[in-house]
Amino acid sequence: MTPDLSARAVDARELMDDSNADAGMLARTYEQFELINAVVTRWHQAYRQDIRPRAMKRPLRILDVGAGGGDLPRALAGWMRRDGVAGEITALDADERAIRWAVDHDEQGDVTYRCALLGDLVTAGEVFDIVLSNHLLHHLDSAELPRFLTDSRSLVPATGLVAHHDIARSAAAYRLFAAGTLPFSRNLLSGSFIREDGLTSIRRSYTASELAALAPEGWTVRTRMPARLQLRWEGRRVRP
């Protein structure tokens, strides 16, 4: 049965965010993020459109906020290595469990992992060319979101890019994820939080119109299938 998705389920909590979450299930969830994100997020498209063209001109500093098990920054590092472009990628997460797992499973060592809050980097005066996140916005409530966006924007120069990618809440998205993961719930996804937390994430997610109403001036919302959105701030491009 599809729940009421007319408003965000702000009181719903993902099981993996519990400080007492089962360590084995948490590790399996981090491991499976790579597969799930490869299917639903299409980050390689974003890499081709937003990152590679900039990296062809000069080395980039890239920050992934809320990196979890680090599958996205590792993928970015691999694509950049394959394409022969230089860059420095930092994976940031406030959960030390995620950082420990990501460090232990990074065979190439191309990514820098930091356990900290985004505000800590702002206070330290850090600067990045690109700030990204994947499936983070739905963790923030409507009061936290504007500050998060302000901090994200303050970490990039006038020529920088901030792109936060997430799920677009809808009944169709919920039904699609529920149906698509059900056949694997007792085998491939068994022993992880992927299915239950994924459904909770959809219930907590924003719609494009909700994000547009909350975002500060200068931010834009882009939508794409299946049930994806991007909240984006882009500075002026420097001509070669």
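Start at Val65. Setting aside neighbours within four places in sequence, Val65 is in contact with Leu92, Leu118, Val131, Leu132, Ser133, Asn134, Leu136 and Phe148. Keep in mind that this is a predicted model.

Now widen the view to the core. The largest nonpolar core has 25 residues. Within this core, Leu63, Val65, Val131 and Phe148 touch the most other members. In soluble globular proteins, nonpolar side chains tend to be buried together.

Strand β7 deserves a stop of its own. The strand covers residues 228–234, and Leu229 lies in it. Is Leu229 buried or exposed? Its relative accessible area is 3%, and the cut-off for buried is under 20%, so Leu229 is buried. What does Leu229 touch, not counting residues up to four places away in sequence? Its contacts include His164, His165, Asp166, Ile167 and Ala168. Tyr206, Thr207, Ala208 and Leu211 are also among them, as are Arg222 and Thr223. Take Asp166 from that list. Leu229 and Asp166 are 63 residues apart in sequence, yet their C-alpha atoms are 5.6 Å apart in space.

Next come the helix pairs. Look at helix α1 (residues 23–40) and helix α4 (residues 96–104). Their axes come within 11 Å and cross at roughly 60°. The two helices are therefore oblique to each other. The crossing of α1 past α4 is right-handed. On the α1 side, the contact uses Leu26, Ala27, Tyr30 and Glu31. These meet Arg97, Ala98 and Trp101 in α4. By type, the residues of this contact are five nonpolar, no polar and two charged.

Turn to helix α7 (residues 171–181) and helix α8 (residues 194–204). Here the axes come within 10 Å and cross at roughly 175°. An angle over 145 degrees counts as roughly antiparallel, so α7 is roughly antiparallel to α8. From α7, the contact takes Ala173, Tyr174, Phe177, Ala178 and Thr181. From α8 come Ile194, Arg195, Gly198, Leu199, Ile202 and Arg203. The residues of the α7 contact with α8 divide into seven nonpolar, two polar and two charged.

Methods
Residues are numbered from 1 along each chain as its sequence is written. This is a predicted model: local features need pLDDT of at least 70, side-chain atom pairs count only at pLDDT 80 or more; totals for chains, interfaces and linings use all residues. Side-chain values use heavy atoms; hydrogens and water are left out. Axes are lines fitted to C-alpha atoms, for helices over the stretch in contact, and angles run from 0 to 180 degrees between N-to-C directions. Helices (H or I, at least four residues) and strands (E, at least two) are DSSP runs, numbered from the N terminus. Angles under 35 degrees count as roughly parallel, over 145 as roughly antiparallel, 65 to 115 as roughly perpendicular and the rest as oblique. A crossing is left-handed if the near helix is turned anticlockwise from the far one by less than a right angle, and right-handed if clockwise. Contact means heavy atoms within 4.5 Å. Ala, Val, Leu, Ile, Met, Phe, Trp, Tyr, Cys and Pro count as nonpolar, Asp, Glu, Lys and Arg as charged, and the others, Gly among them, as polar. Buried means under 20% relative accessible area, exposed over 50%, partly exposed in between (1.4 Å probe, protein chains only). A nonpolar core is a set of buried Ala, Val, Leu, Ile, Met, Phe, Trp, Tyr and Cys residues joined through side-chain atoms within 4.5 Å.
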